[in-house]
Amino acid sequence: MPESDAALPPVFDFAERPDYSEFALAANTGPRQPMKGFDADYTDIVDYIVRCTHKIWEEKAIGLIYTHYAHNATVHTSSGTIYGRETVVRNTIQNQAMWGDLRAYADDVIWSGNEEEGYYTSHRHHNTATQSGYTEFGPPTGRKISYWGIADCLIRENRIVEEWLTHDGVTVLRQMGHDPMELARRAMLPYTPHTSGEIDRLPTGQQAPEFLVVPSTEEPLAFIAAVLQNLWNARLVNMVREHYAPGHLAFLPDSRKLYGHGDYENFVITLMACFPDLALTIGHQCVQGSAERGYRVATRFTLQGTHEGYGPYGAPTGRRIFLIGISHHVIREGKIVQEWTLFDEFVLLKQLHGQLGTPARSGSAEASV
């Protein structure tokens, strides 16, 4: 191992658009950054997340989950949280059965951390596959699918200990030939007798939301955090024209690809109109890049809101939504020039229109558990 970090080769950087063959050729050539506890063939954390994903999903080395996930790994999605790597193995096998020729093309890895505290990666990938197996919605259709996904992972000594997943679920269903709204209405939601409190968008009661001073893009994490807070929670939609480039390009759920200020403002206002108390809470951020090359910022967040307005999700239901979302923003010359923002709109539709479960009757087997 080199005597100092300065002597290490540069960590793989997707700003240079590396081909997968470059990762494969670099295997077992020595570390590009400190990698205590990691398998010897991995050179850095970007290489780790790209190639272990390839090994498990494309080479179908599913059993590597046992060496690449902690036994008590936690995986968070908008549908709920799963625990334990055995569940990860089961879910991976079931997904492999649906999509026999899945290709997960790495499009970016934005990361932070170190070997002592653990590395955090935000891995954006574009997936293609053929529906060659059974899904919960029916038999194989032979249809092709193509969609974006982002996976955030906390990794320590070769093992993913916690993961947050989101993908464009509505696009997958449409490409399979299904009507997402129809499937959402057929979905069964668990019976939950609990009530919900007020969403914490405003400080307290009648007080106004906080308007944050937006710092220079030389502080890229604080810049993105302030823009998102002001835009979504303080309802300052003017943030779009102030801090997004005129030719801003946004990839959004349901395969939407928006150009410029007007369409993006419409996306923001439409979502707020559907959920008037909508609140965005940032969970984690990390950044790569420089002022010269541009910054790439990954932001994981949650969305909460009550469906009280008309819009693309149907007539108001009064139901509460909770979604995990992840954004990747590209900043150049003081403006946001490109972004990918993903949250699972099919889960959103199920939360709004799924059939509510009923409580077990007194004296029944369920009630006695």
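**View 1. Surroundings of F275 in the predicted model.** F275 touches R235, G305, T306, H307, Y313, I321, L348 and L352, leaving aside residues up to four places away in sequence; a contact means heavy atoms within 4.5 Å. This is a predicted model, in which local features need pLDDT of at least 70 and side-chain atom pairs count only at pLDDT 80 or more, while totals for chains, interfaces and linings use all residues. Residues are numbered from 1 along each chain as its sequence is written, and side-chain values use heavy atoms, with hydrogens and water left out.

**View 2. Two nonpolar cores.** A nonpolar core is a set of buried Ala, Val, Leu, Ile, Met, Phe, Trp, Tyr and Cys residues joined through side-chain atoms within 4.5 Å. Buried means under 20% relative accessible area, exposed over 50%, and partly exposed in between (1.4 Å probe, protein chains only). The largest core has 44 residues, and W232, Y264, F267, F275 and Y313 have the most contacts inside it. Another core, of 27 residues, lies apart from it and includes F23, V46, I49 and V109.

**View 3. The six-stranded sheet.** Helices (H or I, at least four residues) and strands (E, at least two) are DSSP runs, numbered from the N terminus. Two strands pair if DSSP finds at least two bridges between them. Six strands form an open sheet in the order β9-β8-β13-β12-β11-β10, with mixed pairing. The edges are held by β9 (256-259) and β10, each with a single partner strand, so one side of each has no neighbour in the sheet. From one strand to the next, the twist averages 15°; axes are lines fitted to C-alpha atoms, for helices over the stretch in contact, and angles run from 0 to 180 degrees between N-to-C directions.

**View 4. Strand β11 and its partners.** Why is strand β11 (residues 294-306) described as largely enclosed by the rest of the structure? The reason is that 12 of its 13 residues are buried. Strand β10 (residues 279-290) runs antiparallel to β11, and 11 bridges join the two. They form a hairpin with three residues between them, and G289 stands opposite Y295 in β11. With strand β12 (residues 320-332), β11 pairs in the antiparallel sense over 12 bridges; here A298 stands opposite H328 in β12.

**View 5. Strand β13 and the packed helices.** Seven bridges pair β12 with strand β13 (residues 335-342) in the antiparallel sense. R332 has K335 in β13 as its bridge partner. Helix α7 (residues 220-233) packs on the sheet and touches β8, β10, β11, β12 and β13, its direction making about 150° with that of β10. Helix α10 (residues 345-353) lies across β9 and β12, at about 155° to β12.

**View 6. H248 in strand β8.** H248 belongs to strand β8 (residues 244-252). It is buried, with a relative accessible area of 1%. Not counting residues up to four places away in sequence, H248 touches L258, Y259, G260, Y264, I336, V337, Q338 and E339.

**View 7. Cysteines.** A disulfide is counted when a pair of cysteine sulfur atoms lies within 2.5 Å, and the count by this rule is zero. The closest cysteine sulfur to that of C52 is in C153, 7.5 Å away, too far for a bond. C52 is buried, with a relative accessible area of 4%, and C274 is buried, with a value of 0%.

**View 8. Confidence along the chain.** pLDDT is the predictor's confidence in each residue, from 0 to 100. The protein chain averages 93, and 95% of the residues score at least 70. Over residues 362-369 the pLDDT is below 50, and this stretch has four contacts in the model beyond near neighbours in sequence.
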